[in-house]
Amino acid sequence: MTIFDFFRPTRSAPVARDRLQILLQHERVSAGASDLIAVLREEILEVISRHVEIPAEKVQVKMQRDEAISTLEVEIELPNPIRRRAA
Amino acid sequence: MSQVLVVTSGKGGVGKTTSTAAIGAALAMNGSRVAVVDFDVGLRNLDLVMGAERRVVYDLINVVQGEAKLQQALIRDKRLETLYLLPASQTRDKDALTSEGVARVMDDLRESFDWIVCDSPAGIERGALLAMRHADVAVVVTNPEVSSVRDSDRIIGMLDAKTAKAERGEYMEKHLLLTRYDAARAERGQMLKVEDVLEILSIPLLGIIPESEAVLNASNVGCPVTLTAADSAPARAYIDAARRLEGDVIPMMIPADKRVGFMGKLFGRRAA
Ligand SMILES: Nc1ncnc2c1ncn2[C@@H]1O[C@H](COP(=O)(O)OP(=O)(O)O)[C@@H](O)[C@H]1O
Ligand SMILES: [Mg+2]
């Protein structure tokens, strides 16, 4: 540290700006993704329910995020005996 | 036509309550009929900042639960006859605020007021969601500091997704109010610049409120800063912000460091 550093305060604001920009890019995507999952789950449930009776909690949708791709895991549990809805 | 405005932020201690009181009073000074509503159940403070803490009889929860009429709970300001306060409960559980009850109170308030200014609790939970639920317009209060900006970003996302307006597919009008702005520290590069915060959050700027002793003095005496020190820098910034909410176009001033010299002091700096 030189005597000049003492008079020149550290400019930390540019670091703050860069960190925020990177962080918020990520957070906005994941907030969007959790909405996406909710929408998918609703619509999948709706399609299944058109044909078979199914409790809402038996449709599970999960998103697994990896570097190159993300996978969507959909698990639908049909209670036995399967009760088909009348066409 | 009446407007419901929510003052929100995510983070606590950034200046929501101060801003609710200051903007509410500034709108009332222009002749509008204004109700400021405290949604911070259990941690009410708006009554103190407005200097009405000894006049609270009934509160928002009493009205929501049907234990008191709206007219019984509203406290009329001693200084401005068009300004009213609907206080929060200090003792009741915040779960006593039902969504339908709040909707009914908001509808009733719309009958009698031009502006209904809702002071949101901190956080992103139920209380904050109820405060923003029926808003037509939002003021997002942000300090030029990383955690406040991040929380504001979250709140902006919620305003666009979880409000009644958003659910009807309408656009939620949002404005950024940058508070506790310290010009000297901004000029030394130690605090996020106005442009940085605007670029990151990308919502229009409503005003920049400087860090100021006048705000502390105002809360000490229980009077909105726009009434008790109308000529102070923060009060002028709040008064301009209120006029912008009413649709006036006023040039934006960025508070300048008092030490940058004569010209800076005289003219401030225009926002880009
Ligand atoms: N512009 C300002 N200058 C100085 N102090 C401020 C300013 N704005 C707010 N404060 C102070 O910051 C503290 C928190 O403000 P408050 O309005 O209660 O925030 P919130 O409602 O967001 O929790 C209070 O002590 C208040 O007086
Ligand atoms: Mg508060």
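**Exercise 1.** How many residues surround ligand 1, and which are the closest?

*Solution.* First, some ground rules: this is a predicted model, where local features need pLDDT of at least 70, side-chain atom pairs count only at pLDDT 80 or more, and totals for chains, interfaces and linings use all residues. Residues are numbered from 1 along each chain as its sequence is written, chains are lettered from A and ligands numbered from 1 in the order in which they are written, and side-chain values use heavy atoms, with hydrogens and water left out.

Now count the residues with a heavy atom within 4 Å of the ligand. You get 14, and the closest are Gly13(B), Lys16(B), Thr17(B), Thr18(B) and Arg180(B).

**Exercise 2.** Find what lies 2.8 Å and 2.6 Å from an oxygen atom of ligand 1.

*Solution.* Look for polar contacts (pairs of N or O atoms within 3.5 Å). Start with Lys16(B): one of its backbone N or O atoms sits at 2.8 Å. Then move to Thr18(B), where a polar side-chain atom is 2.6 Å away. As for cover, the protein hides 81% of the 560 Å² of accessible area that ligand 1 has on its own (Shrake-Rupley method, 1.4 Å probe).

**Exercise 3.** Work out where Lys16(B) lies and whether Lys16(B) is buried or exposed.

*Solution.* Step one: Lys16(B) lies in helix H1 of chain B, helices being DSSP runs (H or I) of at least four residues. H1(B) also gives the most to the shell around ligand 1, with 3 residues. Step two: the relative accessible area of Lys16(B) is 6%, so Lys16(B) is buried (under 20%; exposed is over 50%).

How values were computed: Polar contact = N/O pair within 3.5 Å; in protein donor to acceptor, adjacent residues only side chain to side chain. Helix = DSSP H or I, 4+ residues; strand = E, 2+ residues; numbered from the N terminus. Buried < 20%, exposed > 50% of the residue type's maximum accessible area, 1.4 Å probe, protein only.
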